[in-house]
Amino acid sequence: VQLQASGGGLVQPGGSLRLSCAASGSIFRIYAMGWYRQAPGKQRELVAAITSGGSTNYADAVKGRFTISRDNAKNTVYLQMNSLKPEDTAVYYCNADILRLQPWNRNDYWGQGTQVTVSS
């Protein structure tokens, strides 16, 4: 099982970016999916998460600016980031709770990280 993240880049303050993360491999079911971020010198923190049923939760710092969504048919989670601020600069990681096939095993999986830089 692999998670492949994409969509990071350099954007000016107030701009927008959309991150995508696709899961692939011997997947039977994906439970919660989410996005975390880690800025230099700081611990990794939860940005947003979404259950298989579509319930969401967000870090206070991004509420009203970021939107998480998922396409279960494509095993993909998205993070739409609007009104970006310099303090949003970080490496963003996707995460998924996956039940895989053969061998049957349920684990957390992580994507490789994608850099988001907000700067003028």
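Two strands count as paired if DSSP finds at least two bridges between them. Helices (H or I, at least four residues) and strands (E, at least two) are DSSP runs, numbered from the N terminus. The structure is a predicted model, in which local features need pLDDT of at least 70, side-chain atom pairs count only at pLDDT 80 or more, and totals for chains, interfaces and linings use all residues. Residues are numbered from 1 along each chain as its sequence is written, and side-chain values use heavy atoms, with hydrogens and water left out.

**The sheet around E8**

Strand E8 covers residues 76–81. Of its 6 residues, 5 are buried, where buried means under 20% relative accessible area, exposed over 50%, and partly exposed in between (1.4 Å probe, protein chains only). E8 runs antiparallel to strand E3 (residues 17–24), and 6 bridges join the two. In this pairing arginine 18 stands opposite glutamine 80 of E8.

E8 also runs antiparallel to strand E7 (residues 66–71), again through 6 bridges. Here valine 77 in E8 is the bridge partner of arginine 70. E7 and E8 form a hairpin with 4 residues between them. In the turn, asparagine 75 has a positive phi of about 55°.

These strands belong to an open sheet of 4 strands in the order E1-E3-E8-E7, with antiparallel pairing. Strand E1 (2–6) and E7 stand at the edges with a single partner strand each, so one side of each is left without a neighbour in the sheet. From one strand to the next the twist averages 15°, with axes taken as lines fitted to C-alpha atoms (for helices over the stretch in contact) and angles running from 0 to 180 degrees between N-to-C directions. In a regular strand the side chains alternate between the two faces of the sheet.

**Salt bridges**

A salt bridge is a side-chain nitrogen of Lys or Arg within 4 Å of a carboxyl oxygen of Asp or Glu. The count by this rule is 5; the table includes three of them.

| Arginine 37 | Glutamate 45 | 2.8 Å |

Salt bridges that share partners join Arg37, Glu45, Arg65 and Asp88 into one network. Within it, arginine 37 is buried at a relative accessible area of 7%, whereas glutamate 45, at 37% relative accessibility, counts as partly exposed.

**The disulfide**

A disulfide is scored as a pair of cysteine sulfur atoms within 2.5 Å, and 1 is found by this rule. Cysteine 21 and cysteine 94 form the disulfide, with their sulfur atoms 2.1 Å apart. Cysteine 21 is in strand E3 and cysteine 94 is in strand E9, 73 residues apart. The torsion about their S-S bond is about 55°, so the disulfide is right-handed. Cysteine 21 and cysteine 94 are both buried.
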